[in-house]
Amino acid sequence: MKRLFISLLLGSILLPASTNAAEWLGYVSGQFRGFLEDPLDPRQHNTYLSAAAEPEFYHSWDDINQSFNAKLFYRIDQYDDNRTHGDIRELSWTGVFDYFEVRAGISKVFWGVAETQHLVDIINQTDLVENVDGEDKLGQPMVKLSTEQDWGIIDFFVLPGFRERTFPGVEGRPRPNVVIDTDSDAIYDFSSGQDHVDLAVRYSHYIGEWEFGLSYFSGIGREPSDFVPTAFDASGQPTVVVPVYSLINQAGIDGQAFFGDWTWKLEAINTEFRSGARKGSHNFQSVFGFEYTWVGFTGAVSDLGFVVEYHYSDRNKRETIFDNDLATALRYVMNDAQSTEVLFGFLTDAETYTISSFIEASTRLGESWVLEGELRTYSGTEEGRPLFSYRFDNFAQVDLAYYF
Amino acid sequence: MNHRIVNAAMLAVTISLLPFSTMAETPEEKGLAIAIEADKRDEGFGDSTANMIMELKNKQGDTSTRYIRIKTLEVIGDGDKSMSIFDKPADVKGTAFLTYSHAIKPDEQWLYLPALKRVKRINSKNKSGPFMGSEFAYEDIASQEIEKYTYKYLRDETLNGIDTFVIERYPAYKHSGYTRQVVWVNKEEYRPEKIVFYDRKNTLLKTLTYGDYQQYLDQYWRADQMFMENHQTGKSTTLTWDNYNFKTGLSDKDFNRNSLKRAK
């Protein structure tokens, strides 16, 4: 595989530029994160500075039927050693043969329709140190075969090279009160361990105003199935844990339908554990809701969207924040030259009334700069629930990025 | 295009050529006949590719520029398929829209977000929203099919030295942002020279002026300049087109969701 990339890379440089499209793009950004209260753990801090870069190279040839794409990511964080990290987001070759497409290398795919939780999206591991919202993903080695026909799209995936989830380090914030140790070896509760080759398939199609997808994954669950304590404090409480990864089969369904200004959305997964302590057990999780768009609500060109999504999970309430929760959000899209957008919302737990709120806003400055602001708060958290560790971790974040 | 309507209308055109029935042609029939002739003259282009620079200007004169590549596939019997790929601003580079446009029912439209690698189906009921913050609505840049409007011939007029038919057209799509549009159609070439848009309250909203027409393959006229002025906000958008190519060999498989993800 490595040799293929090198020869492709060399090929792309040596081929005459006139017959090829080759280009560089990407961004460099600076970030400030400030917390409103002192941390639970004195090793954490109140303000964090960090900087990131994501250069990308794209090159196509053979009448754009073949292409090579490389995207590297690196972040330096002032305090958090785990957040100072790099990743190959993309390093792949794509070939198109009539109605078939083949991709080989490190890449990323997205599945699903929901806005506040991505349940069916399982191919790529979450780069959780990037942001607590889990939207950032690590590059995944894959061979993908895809075909789009009148009856829909089928994608087949062979996924060698499991990626472990990233977690904030000792000085990182926000983080769970118990430090998740990613420097020591993670535990795989099955014999092949990290070398296991995962498989996945997805079918997706649309009929008029209805769109749907069916997916199946067999391999190492991206989310740790458990955490094993490796260090304890004087009272015997764990202070450090290592993640445990298990084999799973996961079936997923997602769909959306458009009725006028309404978009209805559904995602659901059934996860079956095939190894370790949970072997044979199942979990069901779903998110269901709608987005209503009020077009031109100020009488002019801006749109106001209402997002409502209900989350259900039959998992242990200690493990997921989306057990019985309602997400409500407002999306304001100005439709201006600066592409200004604001997303403001709450995630409310139906039993504990824990409320986590978020505001995400972004606007373009000039032609090349993007300013983003983010605010996250946690209130009414209860002991024993996942968000309890975050009770003093209300924070604001500002990102300024230069795109080239 | 809907052939039944076209055939019926062609019949109307044929009849109208007969001297005795010319007198009986209503303004509606004449308006439709002009639209049909304009449509006929643009038929058979197959596919096209072009580059577009979109310059947005606000009331204060501040400008913002987008670079977009556009591919179009002519679809016989329906609205065209198109793909718009953004090159600038840099933060939206690689963002692409795939549109299957339809005359009366909502378009099918997908947006590709390269940072998330997400293809997102867009609720496209609303065709009146602004295209990327510009003064052009989605319905203004979509392919113009005969069935999208009903027509009425108003008068002949000389516009900047060009002989034109002035026709009025009324959107058939119930969620259109307009009550009516007045179109100045070049009498010789049957291409639009100017369009005036009236909003849902029938108030003057925008004027679109076409400039620097070029002819391709000895048949198809495309304007290199399109200037849209919003009279209500004082904002304007100029589209500058270049590098037009026709019959490049594009087909259905270049306008599907997988090709959207590869658009770059």
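**Entry 1. Chain A, contacts and overall form**

Among contacts with a separation of 6 or more, 55% join residues 24 or more positions apart. I then counted the secondary structure of chain A and found 1 helix and 22 strands.

Next I checked the dimensions. The C-alpha trace of chain A spans about 65 × 60 × 45 Å along its principal axes. A compact globule of 404 residues would have a radius of gyration near 22 Å, and chain A has 22 Å, so the two agree. I also looked up burial: 35% of the 404 residues of chain A count as buried.

**Entry 2**

Of the 264 residues in chain B, 38% are buried. For contacts with a separation of 6 or more in chain B, residues 24 or more positions apart account for 43%.

**Entry 2. Confidence**

Chain A has a mean pLDDT of 92, and 94% of its residues reach 70 or more. Residues 1–19 of chain A stay under 50. I noted 13 contacts beyond four places in sequence for that stretch of chain A.

Chain B has a mean pLDDT of 89, with 91% of its residues at 70 or more. In chain B, residues 1–6 are below 50, and the model gives this stretch 13 contacts beyond near neighbours in sequence. Residues 8–17 of chain B are also below 50, with 14 such contacts. Where pLDDT is low, the predicted coordinates should not be read in detail. I left these stretches alone.

For the complex, the predictor gives an ipTM of 0.90 and a pTM of 0.89.

**Entry 3. Where the chains touch**

**Entry 4. A hairpin in chain A**

I followed strand β12 (residues 226–232) of chain A. It pairs with strand β13 (residues 238–245) of chain A in the antiparallel sense, over 6 bridges. A:Phe227 stands opposite A:Pro243 in β13(A). The two strands form a hairpin with 5 residues between them. In that hairpin, A:Gly236 takes a positive phi near 85 degrees.

**Entry 5. A:Phe157**

I picked one residue to look at closely. A:Phe157 lies in strand β7 (residues 152–159) of chain A. Is A:Phe157 buried or exposed? I count A:Phe157 as buried because 22 other C-beta atoms lie within 10 Å, and the cut-off for buried is 20 or more.

Leaving aside neighbours within four places in sequence, A:Phe157 is in contact with A:Ile123, A:Met142, A:Lys144, A:Leu199 and A:Ala200. A:Phe157 and A:Glu135 are 22 residues apart in sequence and 21 Å apart in space, C-alpha to C-alpha.

**Entry 6. Strands around β1 of chain B**

I traced the partners of strand β1 (residues 47–57) of chain B. Strand β2 (residues 63–73) of chain B pairs with β1(B) in the antiparallel sense over 11 bridges. B:Asp47 stands opposite B:Leu73 in β2(B). β1(B) and β2(B) form a hairpin with 5 residues between them. B:Gly61 in the turn has a positive phi of about 90 degrees.

β1(B) also runs antiparallel to strand β13 (residues 236–246) of chain B, joined by 9 bridges. There, the bridge partner of B:Met54 is B:Leu239.

**Entry 7. Helix α3 of chain B**

Last, I checked the length of helix α3 (residues 27–41) of chain B. Its 15 residues should span 21 Å at 1.5 Å a residue, and its end C-alpha atoms are 21 Å apart, so the figures agree. I then listed buried residues in α3(B); among them are B:Leu32, B:Ile34 and B:Ile36. B:Lys30 and B:Gly31 in α3(B) are buried too.

Notes. Residues numbered from 1 in each chain as written. Chains lettered and ligands numbered in written order. Predicted model: local features only at pLDDT ≥ 70, side-chain atom pairs only at ≥ 80, totals over all residues. Helix = DSSP H or I, 4+ residues; strand = E, 2+ residues; numbered from the N terminus. Rg over C-alpha atoms; globule rule 2.2 N^0.38 Å. Buried ≥ 20, exposed ≤ 12 C-beta atoms within 10 Å, placed from the backbone. Contact = placed C-beta atoms within 7 Å. pLDDT = per-residue confidence, 0-100. Pairing = 2+ DSSP bridges. Expected span 1.5 Å × (residues − 1).
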